[in-house]
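Subject: Structure handover

Hello,

Here is the structure for your files. My notes on what was found in it follow below.

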Amino acid sequence: MAGACCKCNFSLSVFKRSLSVAPRGCGSAPRSLLSCWRRGERALREAARPSSALRPACFYRHSTFSCLSCQESMSESLRTCYLYLNQTSRSFAAVIQALDGELRHAVCIFYLVLRALDTVEDDMTIPMDKKVPMLNDFHTFLYQDEWRFTESQEKDRQVLADFPTISVEFRNLAKEYRDVISDICHRMGVGMAEFLEKKVGSMKEWDLYCHYVAGLVGIGLSQLFSASQLEDPEVGRDTEMANSMGLFLQKTNIIRDYLEDIQVGRAFWPQEAWSQFAGRLEDFAQPEKLDSALSCLNFLVTDALRHVPDVIAYLSRLQNQSIFNFCAIPQVMAIATLSTCYNNPMLFQGVVKIRKGQAVTLMMEATNMRAVQTIMAQYNQEILQKVSHTDPTRDKTLRILALIREKSAVSQSNLPSRTAHLSPMYLSAAMLLAALSWQYLSTTTAAQAQGTGDMKGQ
């Protein structure tokens, strides 16, 4: 088993370091939740723009850890894995390093394994007759000492070219972690292969697609949380709730990015939804189709909101502070984003995102369950006030909003409060996590120019 790193208080320095990162070229808005882990730091930069004492961008490149004793206790291959983590997901690396104990290493390797898998899926230079077997069999490469792939043209190709370094550290993990990572890798690879040449048609297929690219990540992380014994075994066993955590984020991302996707020829809104209101998905961008566009938008937002009760129930089970921050902040960012998107004509005309001040408030508040339920109730009420009397989905929307209101109003007297003993380390980690969530939910204009990365084959 990989030894647990010491519990050093490095979150604040990592946070400051992350804010100093210069923007890195990235692909067009990724649909995979895994891919969202590696999105550019544009939003981080926006959130931290007032700071004038930023370190040069190269600083982060050479500063994987602020705790030298942690580095020295690691094997050379594990240090290399953290280097790759920083190179492929510079700011998310700090989130992983804020996790407690050996869970940190397990999530690092989990990320890199799925990053390698996703790089295969992204690489359009790999022929289909070669790519499909690679995706289906990728989990077996974890147990092959020398397997590597040197033909990739993707920017993250190093994780494939030096896969033996990652796989050896995978095999050094405890069996409980290895079993989770291998299983999720297998299931995700099969799902990616399935959707390479398949469009998202029905609402069930939309759920399945989001499960493959996001729900499985939520399930895998939950099982790692439980395997670490930092969370109760039930957190890892309840795959339905873990799946909902991923689907809620993924659907929010897809809904928000309608115009960006249409402009580059991608279609992720399910046909069963948009075909009720238009002959073509692209029609929603036409001003004369605005009423139909809003009806479809509200239909999809309502579908995404049905995952919120599971999100609330999932978060209420968490006990470890670093894990709670890791999970809660992206979820409150998502419901804030859906509130902004709901019945909003701007979604079909330009960029829709939550305000920076709003994001900062969320990142500082969402560190305990009481606050999360209050935030959920607040945005639930905002959406309720926007529901039109003529909206075709009105009745269904009102029902799910009533359920969310009920779940958010559950007696909080017995909920453990984390704020009473929240340390500066965790406050800084929360700030970082929220900035990363803001990164995840913001529109990356520069990404359109790059045109790389995505669940292709749609």
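A residue is called buried here when its relative accessible area is under 20%, exposed when it is over 50%, and partly exposed in between. Thr-393 comes out at 8% relative accessibility, so this residue counts as buried. Its place is in the loop between α22 and α23. Leaving out residues up to four places away in sequence, Thr-393 touches Ser-295, Phe-299 and Thr-302. Please keep in mind that this is a predicted model.

Overall make-up

The protein has 25 helices and zero strands. Of its 458 residues, 61% are buried. Among contacts between residues at least 6 apart in sequence, 79% join residues at least 24 apart.

Helix α22 has 18 residues, and from its first C-alpha to its last it reaches 26 Å, close to the 26 Å expected at 1.5 Å a residue. At its start, a side-chain oxygen of Asn-368 comes to within 3.2 Å of the backbone nitrogen of Arg-370. The buried residues of α22 are Met-369, Ala-371, Val-372, Gln-373, Ile-375, Met-376, Tyr-379, Asn-380 and Ile-383. They pack against α18, α19, α20, α21 and α23.

Helix α23 runs over residues 394-408; its 15 residues should span 21 Å at 1.5 Å a residue, and its end C-alpha atoms are 21 Å apart, which agrees. Which residues of α23 are buried? They are Thr-397, Ile-400, Leu-401, Ile-404 and Ser-408. These cover an arc of only 105 degrees around the axis, and therefore sit on the same side of α23. The face of α23 turned away from the buried side carries the exposed residues Asp-395, Arg-399 and Glu-406. The cover over the buried residues of α23 includes α18 (290-305), α19 (308-317) and α22 (369-386).

The core

The largest nonpolar core has 127 residues. Within this core, the residues that touch the most other members are Phe-138, Ile-255, Trp-269, Phe-284, Leu-305, Tyr-314 and Leu-315. As background, nonpolar side chains tend to be buried together in soluble globular proteins.

What does Ile-255 contact, leaving aside its neighbours within four places in sequence? The list is Trp-206, Trp-269, Leu-297, Leu-300, Val-301, Ala-304, Leu-338 and Leu-347. One of these, Trp-269, is also among the core residues named above.

Helix α15 (residues 239-256) contains Ser-244. This serine counts as buried because its relative accessibility is 5%. Setting aside residues up to four places away in sequence, Ser-244 touches His-307, Asp-310 and Val-311.

Leu-160 lies in helix α10 (residues 158-161). With 0% relative accessibility, Leu-160 counts as buried. Leu-160 and Phe-149 are 11 residues apart in sequence, and their C-alpha atoms are 5.2 Å apart in space. Apart from neighbours within four places in sequence, the contacts of Leu-160 are Ala-116, Thr-119, Val-120, Phe-138, Trp-147, Arg-148, Phe-149 and Ser-152. Phe-138 in that list is another of the core residues named above.

Cysteines

How many disulfides does the structure hold? The count is zero. Cys-210 is buried, with a relative accessible area of 0%. Cys-296 also counts as buried, at 0% relative accessibility.

Two loop residues with positive phi

Gln-229 has a phi near 65 degrees, a positive value in a residue other than glycine. Gln-229 is placed in the loop between α13 (203-227) and α14 (233-237). Is Gln-229 buried or exposed? At 71% relative accessibility, Gln-229 counts as exposed.

Asn-343 has a phi near 55 degrees, again a positive value in a residue other than glycine. Asn-343 lies in the loop between α20 (321-341) and α21 (356-365). The relative accessible area of Asn-343 is 25%, so this residue is partly exposed.

Regards

Definitions and conventions
Residues numbered from 1 in each chain as written. Predicted model: local features only at pLDDT ≥ 70, side-chain atom pairs only at ≥ 80, totals over all residues. Heavy atoms only, no water. Helix = DSSP H or I, 4+ residues; strand = E, 2+ residues; numbered from the N terminus. Buried < 20%, exposed > 50% of the residue type's maximum accessible area, 1.4 Å probe, protein only. Contact = heavy atoms within 4.5 Å. Expected span 1.5 Å × (residues − 1). Arc of directions from axis to C-beta. Core = buried A, V, L, I, M, F, W, Y, C linked by side-chain atoms within 4.5 Å. Disulfide = S-S within 2.5 Å. Polar contact = N/O pair within 3.5 Å; in protein donor to acceptor, adjacent residues only side chain to side chain.
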